[in-house]
Amino acid sequence: MNSKFPLFPEAASSFAHHVDTLYFFLIALSVFFSVLIFGLVLFFAFRYKRKPNAEDPKPMLGDLRLELTWSIIPLLITMVIFVWGGLLYYHQLTPPANAQEIFGIGKQWMWKFYHPEGRNEINELHVPVGRPTKVILTSEDVLHDLFIPAFRTKMDVLPGRYTQIWFTPTKTGTYHLFCAEYCGTKHADMKGTVTVMSPLEYQGWLNGELGQDRMDKTGKELFKQFACQTCHQDQSLSRGPSLTGVYDSMVLLNNGKTVKADADYLRESILKPKAKIVQGYDAIMPTYKGQISEEQLIQIIEYIKSLKEPQKEVN
Amino acid sequence: MTRLQRKHYINNGYGALSWFLTLDHKRIALLYLITATLFFALGGAFAIAIRLELLTPAGDMVQSETYNKMFTMHGIIMVFFFLIPAIPAVLGNFLLPIMIGARDMAFPKLNLASWYIYMLGGLFTFVAMALGGVDTGWTFYTPYSSTYANSQVIITALGVFITGFSSILTGLNFLVTIHTMRAPGMSWFRLPLFVWAHYAASLIMVLGTPVVSITIILVALERLFHLGIFDPALGGDPILFQHLFWFYSHPAVYIMILPAMGVMSELIATFSRKRIFGYSFVASSSLAIAVLGFLVWGHHMFVSGQSMYAGLVFSILSFLVAIPSAIKVFNWLATLFRGSISLQTPMIYAFGFIGLFTIGGLTGLFLACLAVDVHVHDTYFIVAHFHYIMVGGVIMAYLGGIHYWWPKITGRMYPEWWGKFSAVVIFIGFNLTFLPQFVVGYLGMPRRYHFYPEEFQILNVLSTAGASILGIGYMIPLFYLVWSLRYGKVAGPNPWNAKGLEWTIPSPPPTENFDGTPEVTEEAYNYGTNHA
């Protein structure tokens, strides 16, 4: 954001340069075909300009070999772009297992980010350089979209479920953060900055605000407040399944299917408990829909995440 | 001053009623021409206001609420009331029956009804504007449109819903007319490519439009009665809306561009005096586009939260739909090769089409390419891309067609110098408007932003400067075409010495088009056969 008149965005994430390389390839391809096509049009227009009283030229009906040539060559080129773009897309959408998780909530017209260590921020996002970071996102109202041009990534933010975006920042600095999905009157105001810091600075920043509880600690209090522990105990006879080690593990359901107990699954189980029932348990849990805020949800999820059994293998 | 002497469709009856109750496809085409031009002027005025606001980074001209309503009305008017009907309802209506040797459409009354339905839809849109306008964007994304927006969503949506029926009926009329009213000897592979293109576009109109109509009704039901369809707070799914909306609205682009390609084939053939190279490939590529076009809607949703694997499937299908478009461009090029090319106004427009459509098509590859789309989705890159196709491509072909058939429609020639001049002005203005938007989009400027960071300003100023040139370019033909109605040179039946049934009858044509039933004995674009 230094230059007054940039023509190209800064590249500050691990895949930014890969996206740019593909982009330059596409530009080169486009220039080649544009010059070829415009060049031929202009050349033909002058070379075959109509002469006064000229007879009409001989008709040329067509040529199968030519048709095949200019169908197959573009087809092959587009398939190269497809595979290249597809592989990179897979990379852009698949966070590594060791990614640090941050939560983000969008609402008309602001962003709020929650760090597990307890620090929250509005319209700003602080992340450490060099560490894979995943932001789990949801909306309290309409659609939004978290867009960080310098990281070459964006993802829609939806009410009623979680989506995620991930990146590994590679360069310290301050970058734009935009809402890219039209969300109403002050859509253009729903923007902020991403600050990429050195890990040490980031640690200092995390500790910078006093009196903030870690999210899992707040979540534990909420867990008690909503009386979750009356059923979800670590005992074999409890009415609800144990939650220890459940986060990101595979859960067997009473319909024989298995699902991954990720944030979205936990969220659904709290708001729509009857949707998926763990095998061996009855569908007796009441819904917490309308009683629990998005903020409380992510705190409880963060608490559940913290319930780990060291001796048990967790996938 | 020369006069047109005999009886023709324009002087066959005077007075308002002779126009408002006409069943003549040519008169209905003129009704569409006048009303679509008015809608274009209105949509264009919104565009100019948007570009003026974006001249500075601050939102200093209007309130955000007003700005959002401006880009919404710009989109709705241009897409539903100008681009979709423009070529089919004006040029298609006028020419399609004549090109196949028929006296009128299969259903003349339905044809007139289509125009009234279109006007009724327009009326609803005007009422919505008078009551304060709508701010959802032309895409009506939920749950904003169905729950949160405090503007005239229902009335506007009804306007779009009603206009959809005009499109469906026009498409139906074209399909039945092409199937049942072809003159003796006019076999399918003797049809002008203009007719093939309209056939393909009509398939989309008939099959696709009902889906968007249903979708709009569902939005209205959720908004009015809180039925949970799209809003998660009511148990709905916002991505469902996007699937339904784009299932129509992506093919809708082909409703616009296919007829434009049809016009292109006519222009290229006439002004290079050659049969279109690879006629059957150009004809069948229209059908391929119509069919494949129904399978690519999900490329609007690569970062919507739909499954990654769905993204992969929609990406590969989107690349496939690029091939038939490439086939058309290469066949036009091959037609120019060893042609006898004259650069009159319609041909300048045709070249402009090739230029803008090529850029629009190639930048479409960036968007079909998943990883790049993640970055440029919902930025000005995509705004630039779809304007190159929908505005650059379609309006170049539309104006090219208007100039080409103007002598047939009015009996008089337009002034040639002014024609060429406006075509060049439009081409330059268009590129200056939209090329900078690719750059500012890749930089990261999101679309639908009332104000923006300062470093984007220079590119926005260039774009606004281009828009003012473009605006002037679009206005010039309005003046000289009206002027030519009275002072233009009398054209005669075939000023281009072109092939095609429309050039065998007087200009302007008589109400019944042909004296008797014409018999077709030769292929389309039968130029240069004296060599054989």
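Predicted model: local features only at pLDDT ≥ 70, side-chain atom pairs only at ≥ 80, totals over all residues.
Biologist: Understood. How many bridges join β1(A) to β2 of chain A, and do they run parallel or antiparallel?

Modeller: Five bridges join β1(A) to β2 (residues 110-114) of chain A, and the two strands run antiparallel.

Biologist: Which residue in β2(A) stands opposite K107(A)?

Modeller: That is M110(A).

Biologist: What is the strand order of the open sheet in chain A?

Modeller: The order is β3-β2-β1-β5-β8 in an open sheet of five strands, with mixed pairing. β3 (120-122) and β8 (163-167) of chain A are the edge strands, each pairing on one side only. From one strand to the next, the twist averages 25 degrees.

Biologist: Turning to domains, where are the bounds in chain A?

Modeller: The domain assignment gives domain 1 as 100-206 and domain 2 as 215-306. Their centres, taken over C-alpha atoms, are separated by 26 Å. Domain 1 gives 10 residues to the contact and domain 2 gives nine.

Biologist: Which strands supply at least two residues each on the domain 1 side?

Modeller: β1 (100-107) and β5 (133-139) of chain A do. By class, that side of domain 1 has six nonpolar, two polar and two charged residues.

Biologist: And between the chains, how many residues are in contact?

Modeller: 78 residues of chain B are in contact with 75 residues of chain A.

Biologist: Which element gives the most on the chain B side?

Modeller: α10(B) does, with 15 residues. By class, the side of chain B that touches chain A has 48 nonpolar, 22 polar and eight charged residues.

Notes
Residues numbered from 1 in each chain as written. Chains lettered and ligands numbered in written order. Contact = placed C-beta atoms within 7 Å. Helix = DSSP H or I, 4+ residues; strand = E, 2+ residues; numbered from the N terminus. Nonpolar A, V, L, I, M, F, W, Y, C, P; charged D, E, K, R; others polar. Domains from an automatic or database assignment. Pairing = 2+ DSSP bridges. Axes fitted to C-alpha atoms, helices over the stretch in contact; angles between N-to-C directions.
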